[in-house]
Structures are given as C-alpha cells and as structure tokens.
Amino acid sequence: MTIRVLVADDQELVRTGFQMILDAQPDMEVVAAVADGAEAVAEARRLRPDVCLLDIRMPKLDGLEVTRVLAGPGVENPLRVVIVTTFDLDEYVYGALRAGATGFLLKDSGPTLLIEAVKAAAGGEALVSPSVTVRLLQHLAKPRRVSGPANDPLTDRELDVVRLVARGRTNQEVAAELFVSLSTVKTHLGSIQAKLGVRNRVEIAAWAWESGVVS
C-alpha cells in the first residue's frame, strides 16, 4: 500500500527536500506540496492524504489552526498530522499536539526519522523525537497535579509505561526496558488511553508532564 502524503511549508527548499525524500521511498507518494495553511486545508480535504506534514509558521493559517481544523477534537474522520518544525522558534507546538497532531519532528531530524514518522502516523501510531518529548513538553507544560481517572486508576505497570512514553521511548524500547512483549505494551497503551480519555501516545506524554508523573 502506498502512503499518500501532503507537505505544507512556506519554504520552497523544505517542501522540495521533503518531497524528494518521501517520493524516493517505494511505498510513499507526495500528493500535494503547498506553501500556506489555507491551501493545506483545502488540498487535505480534497485529497484525503494518509498523512499531513505541517510546519507551524505558515501564511494565512498557521500549523496550529490547520491541525485543529483537520484533526482536532470533534472533527469527523480526522486526518493524521505530523508537525515538522524548529523547536527554538515554535512554542506553539504543544498546542498543536493538543489540537490533534499525532507526531512531532524537528526539521533537522534527518530523512530516517522523517520516514519513520510518516510510517508511524499512517499506521495509527505516533513518533515524537525523544529529545523533543523531553525538551518541548518539559519547557511548555507547566507541571501541575492533574488527577487521573478516579474510578479506574492506572496500575503501577501502566504508570511505568506512561513514564517511558513521556520520555520518547518507542513501543519496542518500552518492551525491552520493562522485560515484556510488544503485544503487552500495546495492551497497556490501549488501557491507558481508555482510562485517561486520550487518543494517542502524544496525549499520554502530555498528560504525564502535566500531572507530574514525570519531571
């Protein structure tokens, strides 16, 4: 199956670079490369790509608003959005994750992580650069004690999984560190999402930083 990707960035060099990297993959195709947020929304709605790669700072509509429109809470049939941006300049990224983005990469993460992030998003998972998880969420989330689910609290093992997810570990890394199978990790993640009322591992990480589970 070919993963269809939309790229939105106001820098032509970035758009061209991403398109060259992704089109070179045998299972990926860039179906649109646009320079502003309004066009990103229009083309995403028209083409229904599998993954949308969005910059934060764009003309007309920024990446935060585009994410909210395409993937935010209450959106029927939300699209999968990966934010690709520059940490030191874009402090709106935390809001983008809350608005429905399923992944986040720095622009200098390199081709391998870019490809992995697209594949993860297309597969219904999220890839957040480990350094980003720690630096960004720690920087932007003001730790406050957020209560967990009162009727069905997280187990100690589920909290272990939450802490590792919040530090950017992949499912395979979580399994290795906790000495459990990959399927067990996925089961824990499903239970955690249900208990916290979140949609993906990015929101699990955000909850962990906000609640003080990690610091």
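At what angle do helix H7 (residues 156–166) and H10 pack, and how far apart are their axes? The angle is about 100 degrees and the axes are 8 Å apart. Angles of 65 to 115 degrees count as roughly perpendicular, and H7 and H10 are therefore roughly perpendicular to each other. On the H7 side the contact is made by Val162, Val165 and Ala166, and on the H10 side by Arg201, Ile204, Ala205, Trp207, Ala208 and Trp209. Sorted by class, the contact of H7 with H10 has 8 nonpolar residues, 1 charged residue and no polar ones. The model described here is predicted.

**Helix H10**

Helix H10 covers residues 201–211 and is mostly covered, with 11 of its 11 residues buried. Among the buried residues of H10 are Val202, Glu203, Ala206, Glu210 and Ser211. Arg201, Trp207 and Trp209, named above in the contact with H7, are also buried. After H10 comes Gly212, which has a positive phi near 85 degrees.

**The sheet**

Five strands form an open sheet in the order E2-E1-E3-E4-E5, and the pairing is parallel. Strands E2 and E5 stand at the edges with a single partner strand each, so one side of each has no neighbour in the sheet. On average, neighbouring strands of this sheet are turned by 20 degrees against each other, direction ignored. The residue ranges of the strands are listed below.

| Strand | Residues |
|---|---|
| E1 | 3–8 |
| E2 | 28–34 |
| E3 | 51–54 |
| E4 | 81–85 |
| E5 | 103–106 |

Strand E1 runs parallel to E2, and 6 bridges join the two. In this pairing, Ile3 stands opposite Met28 in E2.

Helix H3 lies across strands E3 and E4, and runs at about 165 degrees to E3.

Which residue does the UniProt annotation "modified residue: 4-aspartylphosphate" cover? According to that record, an unreviewed entry, the residue is Asp55. Asp55 lies in the loop between strand E3 and helix H3 (63–71). Is Asp55 buried or exposed? Buried means under 20% relative accessible area, and Asp55 counts as buried because its relative accessibility is 4%.

Note on methods
Residues are numbered from 1 along each chain as its sequence is written. This is a predicted model: local features need pLDDT of at least 70, side-chain atom pairs count only at pLDDT 80 or more; totals for chains, interfaces and linings use all residues. Side-chain values use heavy atoms; hydrogens and water are left out. UniProt positions are given in the numbering used here, feature names are shortened, and annotations may be inferred rather than shown by experiment. Helices (H or I, at least four residues) and strands (E, at least two) are DSSP runs, numbered from the N terminus. Buried means under 20% relative accessible area, exposed over 50%, partly exposed in between (1.4 Å probe, protein chains only). Two strands pair if DSSP finds at least two bridges between them. Axes are lines fitted to C-alpha atoms, for helices over the stretch in contact, and angles run from 0 to 180 degrees between N-to-C directions. Contact means heavy atoms within 4.5 Å. Angles under 35 degrees count as roughly parallel, over 145 as roughly antiparallel, 65 to 115 as roughly perpendicular and the rest as oblique. Ala, Val, Leu, Ile, Met, Phe, Trp, Tyr, Cys and Pro count as nonpolar, Asp, Glu, Lys and Arg as charged, and the others, Gly among them, as polar.
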